[in-house]
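Welcome, and thanks for taking a look at this protein with us. Please have the sequence and the 3D view at hand as you read.

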Amino acid sequence: MSAIMTEPIHPVIDRLGISPQEIQLEVDRICAHPLFANAPMLRRFLRFTVDKTLAGQLDAVKEYTIGSEGLGRGTSFDPARSSIVRTQAFNLRQRLNALYEEQGTPNSFRIVFEPGRYVPAFERIRS
């Protein structure tokens, strides 16, 4: 399990009333799901972007940093020559959508990645 922040970290998360602990538990649940069992890159992408977001390090949730640090491509990673981050972001969106369609959302929120964005969003589920 990743480090859990206890301070207010993100105004949107704070406004929604979702704790960092709840978010980390949702990440753990997602990573343990069979849709992600054989997808280590997707798990790394998800954990890296959520951890950086919870730490308030939104400047680190960029294509270069995700590729070089989050996906382990090193400092020579060049997003102009490799589409791995964009491809993994697309695949992550697809699998998250499939997971939430299959299982519903056991919590009152879900983690989403909007097209063209790498910073995860946290959406409240309306009942």
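## Overall layout

Starting at the N terminus, the order of elements in the protein is α-α-α-α-α-α-β-β. That comes to six helices and two strands, where helices (H or I, at least four residues) and strands (E, at least two) are DSSP runs numbered from the N terminus. The model is predicted, so local features need pLDDT of at least 70 and side-chain atom pairs count only at pLDDT 80 or more, while totals for chains, interfaces and linings use all residues. Residues are numbered from 1 along each chain as its sequence is written, and side-chain values use heavy atoms, with hydrogens and water left out.

Of the 127 residues in the protein, 42% are buried; buried means under 20% relative accessible area, exposed over 50%, and partly exposed in between (1.4 Å probe, protein chains only). Among contacts (heavy atoms within 4.5 Å) with a separation of 6 or more, 51% join residues 24 or more positions apart. The protein exposes about 6,900 Å², and carbon and sulfur atoms supply 50% of this area. Accessible areas come from the Shrake-Rupley method with a 1.4 Å probe, and for residues only the protein chains shown count as cover.

Let us turn to α6. This helix spans residues 84–103, 20 residues in total, and reaches 28 Å from its first C-alpha to its last, close to the 28 Å expected at 1.5 Å a residue. The expected span is 1.5 Å times one less than the number of residues.

Which residues of α6 are buried? They are Ile84, Val85, Gln88, Ala89, Leu92, Arg93, Leu96, Leu99 and Tyr100. These residues cover an arc of only 165 degrees around the axis, so they lie on the same side of α6; the arc is that of the directions from the helix axis to the C-beta atoms. An α-helix has 3.6 residues a turn, so residues three or four places apart point the same way. The packing partners of the buried residues of α6 are α2 (20–32), α3 (34–37), α4 (40–54), α5 (63–70) and β1 (109–112). On the other side of α6, Glu101 and Glu102 are exposed.

Helix α5 is mostly covered, with six of its eight residues buried: Glu63, Thr65, Ile66, Gly67, Ser68 and Gly70. Their cover includes α4 and α6. After α5 comes Gly72, which has a positive phi near 70 degrees.

His33 sits in the loop between α2 and α3 and is buried, with a relative accessible area of 6%. Leaving aside residues up to four places away in sequence, His33 touches Leu99, Glu102 and Gln103.

## An aromatic cluster

Searching the whole structure turns up three aromatic pairs. Rings of Phe, Tyr and Trp (its six-membered ring) pair if their centres lie within 6.5 Å; planes under 30 degrees apart count as stacked, over 60 as edge-to-face and the rest as tilted. Phe45 and Phe113 make an edge-to-face pair, at 6.0 Å centre to centre and 70 degrees between the planes. Phe45 lies in helix α4 and Phe113 in the loop between β1 and β2 (121–124), so this pair ties together parts 68 residues apart in sequence.

Phe45 also pairs with Tyr118: the ring centres are 6.3 Å apart and the planes are at 65 degrees, so this pair is edge-to-face. Tyr118 lies in the loop between β1 and β2 and Phe45 in helix α4, so the pair ties together parts 73 residues apart in sequence. Phe45, Phe113 and Tyr118 form one aromatic cluster. Phe45 and Phe113 are both buried, Phe45 with a relative accessible area of 0%, and Tyr118 is buried at 16%.
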